[in-house]
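Reader: I am new to this structure. Could you walk me through it?

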Amino acid sequence: MAEIPHILFGINVLLEALHANSRTFNKILVQKGRGGRDLDEIVRLARERRIPVQSSPREQLDRLTSRRPHQGIVGIVSSKGYTSLETLLDRAGESRHPIFLIVLDGVEDPHNLGAIIRSAEAAGADGVVIPERRAVGLTPTVAKSSAGAIEYLPVARVVNLFQALETMKSRGAWIIGLSERGKIPYDAVDLTRPIALVLGGEGGGLRPRTLEGCDELVSIPMRGKISSLNVSVAAGIVAFEVVRQRKEKS
């Protein structure tokens with residue numbers, strides 16, 4: 001069966017995909033009349049790789065992106081593939097630092113997933129793990145929201161999240177769930193160990209079975225009147241606490 005092409009749009013997304021060489025490009029469409037240093041760089045890189053570059057009216061780019069902000073550039077590319085959990089763990093085990101994974105239990109908003117991937121990549125995480133069902137996958141909107149980080153950070157998609165957590169434990173990872181039920185502040189636990197940080201989806205948080213699979217529950221203390229944070233913000237806060245603790249220990 002032929003692979004269904006995907007759409008990438010936005011200057012940073014296209015630049016990172018070209019730099020990472022992580023996709024097969026069918027062609028790149030540049031809006032007529034648009035120019036600038038970054039667009040010129042994309043065209044230069046595309047020609048180096050012999051990727052066809054086509055000048056197109058804005059209306060065509062608007063149709064391809066469902067009128068989402070495309071900054072005058074659209075790529076027709078292969079889909080972004082998933083990594084198996086076993087491969088992800090093997091690679092993580094070979095790195096110089098203890099395992100650091102981010103596991104998402106039912107994140108459905110593509111903007112949230114993209115933002116989490118962006119924060120995870122910036123914080124040096126080994127990868128992100130998501131479930132197959134009741135969760136968003138690696139869509140073009142996720143790619144755009146990740147600002148290109150999706151091209152560098154491996155994402156594993158698993159059938160059974162609880163079993164995946166058990167597999168991570170067998171590889172030495174300590175499973176830390178972020179939940180309002182957590183009695184321990186997130187910065188009061190040892191994040192220098194091999195860890196998998198588990199966050200729940202929008203609204204529902206961690207499901208009971210996922211909570212069962214956690215070794216420890218932590219929370220982010222709230223000082224204002226709002227009782228919770230957006231999942232992507234929470235992921236960024238804790239991910240960079242991992243960075244802080246590991247830097248202090250090194």
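Author: Gladly, and let us start with a crossing: that of α1 and α2 is left-handed, meaning that the near helix is turned anticlockwise from the far one by less than a right angle. Helices here are DSSP runs (H or I, at least four residues), numbered from the N terminus. This is a predicted model, where local features need pLDDT of at least 70, side-chain atom pairs count only at pLDDT 80 or more, and totals for chains, interfaces and linings use all residues. Residues are numbered from 1 along each chain as its sequence is written, and side-chain values use heavy atoms, with hydrogens and water left out.

Reader: At what angle do helix α1 and helix α2 pack?

Author: Axes are lines fitted to C-alpha atoms, for helices over the stretch in contact, and angles run from 0 to 180 degrees between N-to-C directions. Helix α1 covers residues 11-20 and helix α2 residues 37-48, with their axes 10 Å apart. The angle between them is about 30°.

Reader: Which word describes α1 relative to α2?

Author: Angles under 35 degrees count as roughly parallel. The packing angle is about 30°. That makes α1, relative to α2, roughly parallel.

Reader: How much space lies in the largest pocket?

Author: Volume here is the space filled by probe spheres set on grid points, joined across faces, edges and corners. A pocket is an open set of points on a 1 Å grid over the protein atoms alone, where a 1.4 Å probe fits, with protein on both sides within 12 Å along at least five of seven lines. For the largest pocket, the space is about 530 Å³.

Technical notes:
Helices (H or I, at least four residues) and strands (E, at least two) are DSSP runs, numbered from the N terminus. Angles under 35 degrees count as roughly parallel, over 145 as roughly antiparallel, 65 to 115 as roughly perpendicular and the rest as oblique. On a 1 Å grid over the protein atoms alone, a cavity is a set of points where a 1.4 Å probe fits but cannot get out, and a pocket is an open set with protein on both sides within 12 Å along at least five of seven lines; lining residues have an atom within 4 Å of a point.
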